[in-house]
Amino acid sequence: MMKIFLIGFMGTGKTHWGRLLSRKMGLPFFDLDEQIVNSAGKSINEIFAEKGEEQFRLLEKETLHIIAESHESFIMACGGGTPCFFNNIVYMKEMGTVVWINTSAQTIFERLLKEKDHRPLLRDLSDDQLKNFIAKKIADRRIYYQQAQVTIEEESIDIDKFVDTLFHA
Ligand code: S3P
């Protein structure tokens, strides 16, 4: 049994690394946002716009539980906010191994600048506001991310070492 939850801020490559790990480790991969979109039949932007963030967080928690409880082993890419609501971080640690993918605020900023229209929390921000938003949100969320059992610095990931760390976590 191996339940691995990848957490970290938006733009830290959770989905990218999750897919790679799943291939290398031969485990199924789940992208939590994608699963929410599939079960709601709406995009994340639509869910935020029509139902608000509170409803999104409820859906997120429900989907997290459904996947975690119906599969023996997997790699899951969580959303950036997943560990910060309800008791999701505690729940994930009880179910398996939580891995924080940490990336510098500057790298996150450069990546998110290119894709902010697809993200409900970012789409209305100017470039300067985006920079401030990232700094503030990372500071607020760090206390959750830091609770992960494993921390990986994204800028120096070696995928084979990463796999080895997870097999021994
Ligand atoms: C969010 C991150 C997004 C998505 C939603 C909210 C957040 O996921 O769940 O837009 O609160 O940080 P990614 O981190 O996969 O982009």
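1. UniProt positions are quoted in the numbering used here, with feature names shortened, and an annotation may be inferred rather than shown by experiment. The "binding site" annotation from UniProt (unreviewed entry) covers Thr 15. Residues are numbered from 1 along each chain as its sequence is written. The model is a predicted one: local features need pLDDT of at least 70, side-chain atom pairs count only at pLDDT 80 or more, and totals for chains, interfaces and linings use all residues.

2. Thr 15 is found in helix 1; helices (H or I, at least four residues) and strands (E, at least two) are DSSP runs, numbered from the N terminus. For burial, a residue is buried if 20 or more other C-beta atoms lie within 10 Å of its own, exposed if 12 or fewer, and partly exposed in between, with C-beta atoms placed from the backbone. Thr 15 is partly exposed because it has 16 other C-beta atoms within 10 Å. Not counting residues up to four places away in sequence, Thr 15 touches Asp 31 and Ala 77, where contact requires C-beta atoms, placed from the backbone, within 7 Å.

3. Gly 11 lies in the loop between strand 1 (3–7) and helix 1 (14–25). Gly 11 counts as buried because it has 23 C-beta neighbours inside 10 Å. Leaving aside neighbours within four places in sequence, its contacts are Ile 108, Arg 111 and Leu 112.

4. Arg 119 sits in the loop between helix 5 (105–115) and helix 6. With 16 other C-beta atoms within 10 Å, Arg 119 is partly exposed. His 118 is found in the loop between helix 5 and helix 6, and is exposed, with 12 other C-beta atoms within 10 Å. Between the C-alpha atoms of His 118 and Glu 69, which are 49 residues apart along the chain, the separation is 29 Å.

5. Which residues surround the ligand? They are Met 10, Lys 14, Asp 33, Ile 44, Gly 79, Gly 80, Gly 81, Arg 119, Pro 120 and Leu 121, a residue being near a molecule if its C-beta atom, placed from the backbone, lies within 6 Å of it. The shell divides into four nonpolar, three polar and three charged residues. In this scheme Ala, Val, Leu, Ile, Met, Phe, Trp, Tyr, Cys and Pro count as nonpolar, Asp, Glu, Lys and Arg as charged, and the others, Gly among them, as polar.

6. UniProt also lists Asp 33, Arg 57, Gly 80 and Arg 141 for "binding site" (unreviewed entry). Gly 80 is in the loop between strand 3 and helix 4. Is Gly 80 buried or exposed? Gly 80 counts as buried, with 21 C-beta neighbours inside 10 Å. Apart from residues up to four places away in sequence, Gly 80 touches Gly 8, Phe 9 and Met 10.

7. Phe 86 is found in the loop between strand 3 (74–77) and helix 4 (88–95). Phe 86 has a positive phi of about 50°, although it is not a glycine. With 14 C-beta neighbours inside 10 Å, Phe 86 counts as partly exposed.

8. Helix 6 (residues 127–145) has 19 residues and reaches 25 Å from its first C-alpha to its last, close to the 27 Å expected at 1.5 Å a residue. That expected span is 1.5 Å times one less than the number of residues. Helix 6 bends by about 35° at Ala 139, the bend being the angle between axes fitted to the seven residues ending there and the seven starting there.

9. Arg 141 is found in helix 6 and counts as partly exposed, with 17 C-beta neighbours inside 10 Å. Not counting residues up to four places away in sequence, Arg 141 touches Phe 9 and Cys 84. Phe 133 also has its place in helix 6, and counts as partly exposed, with 16 C-beta neighbours inside 10 Å. Phe 133 and Phe 109 are 24 residues apart in sequence and 9.7 Å apart in space, C-alpha to C-alpha.

Technical notes: Two residues are in contact if their C-beta atoms, placed from the backbone, lie within 7 Å.
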